[in-house]
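Please keep the sequence and the model in view while reading.

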Amino acid sequence: VVTIVIAAVVAAFAGGLSSDVEMAPTAALDIDVYANGKVTIEHLSGESLIPSEITVKASKADGTALGEEKLSSSGIFTPGTTATIQLKKDGAEVTKITETLVTITVLSNGKHIVAKKDVLVK
């Protein structure tokens, strides 16, 4: 009986170590989009983010991509800070957004949604 209990504890512990589940960071973000293709993101609260792992994507209501960009290549994005990016599409800067409502998706490592918000273009 003792051997079975020990084996069960070891198996449970080892199973927990091999878990490949990767969680998205949690953060409250305030997002603004401007007609010139700039996006500002204010980190209000939550976990600090690594900018080089964060991608910001803009799309129309029908899902058509307007552009995307990474936050930056260095530093830490912490509560109380603001980042501004210039959206790009196919390598070129987006300089004019004619949509009035844009969906912004903030992704960690290109796959985990940190925030998603419909934003009126200013």
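## Terms and basis

A polar contact is a pair of N or O atoms within 3.5 Å; within protein, one must be able to donate a hydrogen and the other to accept it, and residues adjacent in sequence count only if both atoms are side-chain atoms. The model is predicted, with local features needing pLDDT of at least 70 and side-chain atom pairs counting only at pLDDT 80 or more, while totals for chains, interfaces and linings use all residues. Residues are numbered from 1 along each chain as its sequence is written, and side-chain values use heavy atoms, with hydrogens and water left out.

## Thr-55

Thr-55 lies in strand β3, a strand being a DSSP run of E with at least two residues, numbered from the N terminus. Thr-55 is buried, at a relative accessible area of 7%, where buried means under 20% with a 1.4 Å probe and protein chains only. Its side chain makes a polar contact of 3.4 Å with the side chain of Lys-70.

## The open sheet

Three strands form an open sheet in the order β1-β2-β5, with antiparallel pairing; two strands pair if DSSP finds at least two bridges between them. Because β1 (27–33) and β5 (82–86) stand at the edges, each with a single partner strand, one side of each is left without a neighbour in the sheet.

Strand β2 (residues 38–46) pairs with β5 in the antiparallel sense over five bridges, and Lys-38 stands opposite Gln-86 in β5.

How values were computed
Helix = DSSP H or I, 4+ residues; strand = E, 2+ residues; numbered from the N terminus. Buried < 20%, exposed > 50% of the residue type's maximum accessible area, 1.4 Å probe, protein only.
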